[in-house]
Amino acid sequence: MKTSREFREGRRPEQLRDGELRVVTRGEAAVRVGALALALLAASSIAMAQSPAPFTMPVPPAAHLVAITNATILTVSHGTIPHGTIVIREGKIAAVGADVAVPAGAQVIDASGRYVMPGIIDEHSHSAIETVNEFTNVITAEVRMADVVRQDMPTLYWQLAGGVTTINVLHGSANAIGGQDAVLKLRWGLPVDSLLFEGAPLGIKFALGENPKESNFDVPGRARRYPATRMGVEEVLRDAFTRAVAYRTEWQQYEATRRTLKRGQPEPIPPRRDLQLDALVEVMDGRRLVHAHCYRADEILMLLRVAHDFGFRVASLEHVLEGYKVADEIAAAGTGASTFADFWGYKLEAYDAIPYNAALMTQHGVAVAINSDDDERARRLYQDAAKTMHYGGVSETDALKMITLNPARMLGIETKVGSIDVGKDADLAIFSGHPFAPASRVEMTLVDGRVFFDRTTAPTLEHLMQQLQEQRQHRGPGTAERGDQ
Amino acid sequence: MLAAALLAAAAPALNAQSATGLAVSARGWAIRNATIVPVTGPRIEHGTVVIRSGRIEAAGADAAPQAGDSVLDGTGLFVYPGMIDAGSRLGLTEIESVPGGEDQQELGEFNPQDAALTAVNPNSEVIPVTRSNGVTTAITSPRGGLVSGQAVLMDLLGWTPQEMAVRAPAAMVMTYPRTGGGGRFRRAQQNEADQTNRQVLALKAFLGDAKAYADIKARLAGGAPGTQKTNLAMEAMVPVMRGEEPAIFDVETAEQIRGVLALADSFALKVILRGAHEAWRLADTLAARHVPVIVGPTTTDVGPDEPYDEIFANAGVLAKAGVTVAFQTNDARDSRSLPYNAALAEAYGLSADDALKAVTINAARIFGVADRLGSIEPGKEATLIVTDGDPLDARVGPRYVFIRGELVPFNDRHTRLYEEFRARPKP
């Protein structure tokens, strides 16, 4: 199983993602992985020092004028255009429609028989980062995922190959308030700073339930810490915001004193800057979006009460597997819900997860996103979104929104991405058929109009087999490549 | 929901024994005016499937029900065989993080005497959830060590594990040792290679012992004088060493597959490869040797030095070469997503026909039950699904699920919670 395999491969506990926190069950890791795996674990941590040559692809040139023609266009915002054209100028969508002329000099992508949809937005990702969790403290609002982003991880290319163009890189769920997120565009191969989504609002990760209370794992090298219950989780949240309120008041008083300072009076001494409380003040002032990992209905309501009491709105509940039980309350709070399609039962708090969650919340007026939380699942979010049509009868448009416009809203980037509309960024995924149909695959993915993934030039199995065939022919008979006859 | 309501009104009368011990209803069913997709033959438009005493009595355009048969209108619907997950953990795990419900893995390297069927919890909430999505039958396997134990092929319906069993044991589950992990850190180290070599030697030595034990047992049976102490582990290996029971080898790389083929030659084993994302490298060899491959889950990462689509495209290459391909989820809670695993392979080169066979008849063939399961043919067990469309299409699902002629209600944990909270009054 993937999770155990990753453990075997020597991923350190601080690299574990949310879902994987279930894996290293206290005291039974050795039982789970066995003697063989432990040996591999030891060996592979040595191997980390000498990674093979990194996988790279040529960086596509900037696209000044591009036209995608003859496509079935799933705009998401205004229906399907059966035989349409999209014109892209300087990375933005300049025109879209059935009767759009191809401008002279445009680079033409003929999408006959193909479907174009907005680039997929993965609202909950832990890709492209060196480390996921700052495990130490209960509140680590001061740490920033943007500081540990790596642009060269192959998974980013593979996610492009699954039609993903934007990811919200979140801190892990080991603490009640984790670190600050980084919204990235998958401009794979460009320098690391070029991946940051320009103008995306600030965000931060919260986490409730089994992970912050450390129910299923030990952190090597330290004793357990408060909180160990859901009671404690509420308390540490309230304590943090109580401190943040006092801190904000200190600064307000300082600013007020400065504003009313009379000539000759001494300059007031500013309060000591606290990077952790700065982030929480931004939350209370509505300048930093909260993305809160949660499972059970009771803890969802707890967080909504805390947010209400401290005057902020939770932008999105993450996982929110029991959201369907309190869908009205979530809708009333104006909070989004970013969930899995059908992942369940991996821990106790996921036992009441049902695949009808997305449908029920949608019916109650909650904006729903389907996310990955995982490098691998991110490659097939379109298939996960399709499942919501089966489980609970979500409409095709609503299902498409769950991986485009709805996550864009949760991240505050809906004016830039999430639908195929004039003026938006030309972030597009071109599929061989309808993205929800079983035999469809991604043929091409564009970010800002630049083709970052093109299956015709991608390192596919078919291409590798052709190479091996040519090598064999070149070497002549009797020199078969290892394993090939 | 439809079927659940229908079932509540008509509790089945249990009055006949099926071949495998589950009491089946003598009651007849007819699914009329449906598109029948037999898998082993051309599809039949506007056809009728007649079910009686747990079996398919007739399937075709002119199949006629008897008076008194319950009739389901199949207009606009499709009849497919129930899907078979050729590698799961169903019944052996409930909630992964709760150790009390975990019975997947024993201690130690060699446990051929352990039978998955023993530990299958027939009341696991995961089982109804799985069958509600059209996966009616599954291999469930122990894991861990070099010889993990005996897999069982079971229908996802029954009061006891024994009633669920279709074939037990279905195969002996083994792992061929591997050098290097996957992913980013797969470059092998010398001490790691030594460790792998020691494990290969240990596996060979074990198989050598098992062969000697089986040989002595045969000679004693043939009248040779002498005695043999009974060893339960060795007893479990006897049918494997005689080639009567297949050995599933969980592998990933071509190197492991070559190792398995060498073992198959040395010990005359009947082998089935499972996982095997590099099996495409040996596709022609595997086809020539009639070694089936159970691929998947396709929802698995591959290493950075592997083609990005290898995990999806492997199945198509194998099928084109003539290898019998089936799919596994290697999971319990995700077993219901078996068809979506196959859909990902279909998107990358597996034909629609081969994809459908891979989740139905091929698994039945691999485990020697193609005379009972895996297609819509008269005489076979009536384990079938009635759907809104292609079962590999994530947008649609089953309307009715029959297992051994029983219409199975959709009253699983998930539908129950759905109905319960759908009815919650506005706060």
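This briefing covers confidence, domains, helices and backbone geometry in chains A and B.

The model is predicted; local features need pLDDT of at least 70, side-chain atom pairs count only at pLDDT 80 or more, and totals for chains, interfaces and linings use all residues. Residues are numbered from 1 along each chain as its sequence is written, and chains are lettered from A and ligands numbered from 1 in the order in which they are written. The model scores ipTM 0.93 and pTM 0.92.

**Confidence in chain B**

- Mean pLDDT (the predictor's confidence in each residue, from 0 to 100) is 93 for chain B, and 92% of its residues reach 70 or more.
- Confidence in chain B is lowest in strand 1 (residues 14-17), with a mean of 36, and highest in strand 14 (residues 293-295), at 99.
- Helices (H or I, at least four residues) and strands (E, at least two) are DSSP runs, numbered from the N terminus.
- Residues 1-21 of chain B stay under 50 in pLDDT; the model has 35 contacts beyond four places in sequence for them.
- Residues 182-186 of chain B also stay under 50, with 17 such contacts.
- Two residues are in contact if their C-beta atoms, placed from the backbone, lie within 7 Å.
- Where pLDDT is low, the predicted coordinates should not be read in detail.

**Domains of chain B**

- Chain B is divided into domain 1 (2-82 + 408-422) and domain 2 (83-372); the bounds come from an automatic or database domain assignment.
- The C-alpha centres of domain 1 and domain 2 of chain B lie 31 Å apart.
- Contacts link 13 residues of domain 1 of chain B to 19 residues of domain 2 of chain B.
- On the domain 1 side, helix 13 (residues 413-422) of chain B gives the most, with 3 residues.
- That side of domain 1 of chain B has 5 nonpolar, 6 polar and 2 charged residues.
- Ala, Val, Leu, Ile, Met, Phe, Trp, Tyr, Cys and Pro count as nonpolar, Asp, Glu, Lys and Arg as charged, and the others, Gly among them, as polar.

**Helix 5 of chain B**

- Helix 5 (residues 190-221) of chain B has 32 residues and should span 46 Å at 1.5 Å a residue; its end C-alpha atoms are 46 Å apart, which agrees.
- The expected span is 1.5 Å times one less than the number of residues.
- Its buried residues include B:Leu203, B:Leu207, B:Ala210 and B:Lys211.
- A residue is buried if 20 or more other C-beta atoms lie within 10 Å of its own, exposed if 12 or fewer, and partly exposed in between, with C-beta atoms placed from the backbone.
- B:Gly223 follows helix 5 of chain B and has a positive phi near 105°.

**Chain A**

- Chain A has 12 helices and 17 strands.
- Of its 485 residues, 55% count as buried.
- The buried residues of helix 5 of chain A pack against strand 8 (177-180), strand 10 (202-207), helix 4 (230-259) and strand 11 (288-294) of chain A.

**Backbone exceptions**

- Most residues other than glycine have a negative phi, and most peptide bonds are trans.
- A cis peptide bond joins A:Tyr226 and A:Pro227, with omega about 5°; A:Pro227 lies in the loop between strand 10 and helix 4 of chain A.
- The bond from B:Ala168 to B:Pro169 is cis too, with omega near -5°.
- A:Asp448 has a positive phi near 55° and is partly exposed, with 19 other C-beta atoms within 10 Å.
- B:Asn330 has a positive phi of about 55° and is buried, with 25 other C-beta atoms within 10 Å.
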